[in-house]
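Hi,

Here is the structure I promised to pass on.

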Amino acid sequence: CDEHKYDGVHTAHDVLRGITIFILATFLFELLTLVVILGPSVFFTRFFYVLDLTVVVISLGLELAFLYLNENAIEAAAGLVILARLWRFVRIGHGIFESTHELTSREKEELEDYTEMLENLLKENGIDVPSLPSSSGHKGEH
């Protein structure tokens, strides 16, 4: 592409590259902070943390290589950058799933404990505990 023909496109490309490097550096900072907080012995035993760190380091390294080296010589590695960035989205989705699953599991456990407490209270006061409705799916039929 002629560098002088589409100046706005080249400016946008440079700005987006800078934003990309900033975001990757932020991810790297986050992961290195996790290494410090969890300790290397814990961090490096968790597969997805190590994979995240590997993806971010490779992505940042390739972005910096694109910036400082001849882009024509490195274009073959562009697929790795795309794959690495897609992996981040997979990890974000996984994190959301894990958080939601943990929260609902905790709520379910609290409800089960509360139900058990209420059943015990009913029994202590001589009140029969109602049985669960039939799970056959035919409500109202006897």
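Let me start with a pair on helix H5: because Glu112 and Lys108 are 4 residues apart there, about one helical turn separates them. The two form a salt bridge, with their closest N and O atoms 3.4 Å apart; the term stands for a side-chain nitrogen of Lys or Arg within 4 Å of a carboxyl oxygen of Asp or Glu. Lys108 is exposed at a relative accessible area of 52%, and Glu112 is partly exposed at 43%. (Buried is under 20% relative accessible area, exposed is over 50%, and partly exposed is in between, with a 1.4 Å probe and protein chains only.)

Some housekeeping before the rest. This is a predicted model, in which local features need pLDDT of at least 70 and side-chain atom pairs count only at pLDDT 80 or more, while totals for chains, interfaces and linings use all residues. Residues are numbered from 1 along each chain as its sequence is written, and side-chain values use heavy atoms, with hydrogens and water left out.

Back to the salt bridges: the structure holds 2 of them. Glu102 makes one with Arg106, where the closest N and O atoms are 2.8 Å apart. Both residues sit in H5 (residues 78-124), 4 residues apart, or about one turn of the helix. As background, an α-helix has 3.6 residues a turn, so residues three or four places apart point the same way. Glu102 counts as partly exposed at 49% relative accessibility, and Arg106 counts as partly exposed at 43%.

Now the overall picture. The protein has 5 helices and 0 strands, giving the pattern α-α-α-α-α along the sequence. These elements are DSSP runs numbered from the N terminus, with helices being H or I of at least four residues and strands E of at least two. Of the 142 residues, 18% count as buried. The accessible surface comes to about 11,300 Å², and 65% of that belongs to carbon and sulfur atoms; areas come from the Shrake-Rupley method with a 1.4 Å probe, and for residues only the protein chains shown count as cover. Among contacts between residues at least 6 apart in sequence, 52% join residues at least 24 apart, a contact being heavy atoms within 4.5 Å.

Next, H1. This helix has 32 residues and reaches 46 Å from its first C-alpha to its last, close to the 46 Å expected at 1.5 Å a residue (the expected span is 1.5 Å times one less than the number of residues). Its buried residues are Arg17, Ile21, Leu24, Leu28, Leu31, Leu34 and Val35. What about the outside? Val15, Leu16, Ile19, Phe22 and Ile23 make a nonpolar surface patch of about 490 Å². Patches are made of residues with over 30% relative accessible area and no salt bridge, joining like charges within 9 Å and nonpolar side chains (Val, Leu, Ile, Met, Phe, Trp, Tyr) within 5 Å. Ile19 lies in H1 (residues 7-38) and counts as partly exposed at 41% relative accessibility. Just after H1, Gly39 takes a positive phi of about 90°.

Then there is H3, which includes Asp52 and covers residues 47-68. Its 22 residues should span 32 Å at 1.5 Å a residue, and the 31 Å between its end C-alpha atoms agrees with that. Which residues does Asp52 touch, leaving aside its neighbours within four places in sequence? They are Leu31, Trp87, Arg88 and Arg91. Asp52 counts as buried, with 5% relative accessibility. Glu63, also in H3, counts as buried at 7%. The C-alpha atoms of Glu63 and Thr20 are 8.1 Å apart, although 43 residues separate the two along the chain.

Last, the aromatics. The whole structure has 3 aromatic pairs. Phe43 and Phe44 form one that is edge-to-face, 5.0 Å centre to centre with 80° between the planes. Phe47 and Phe48 have ring centres 5.3 Å apart and planes at 70°, so this pair is edge-to-face too. (Rings of Phe, Tyr and Trp, the last by its six-membered ring, pair if their centres lie within 6.5 Å; planes under 30 degrees apart are stacked, over 60 edge-to-face and the rest tilted.) Phe43 counts as buried at 0% relative accessibility, whereas Phe44 is partly exposed at 46%. Ring pairs also link Phe43, Phe44 and Tyr49 into a cluster.

Cheers
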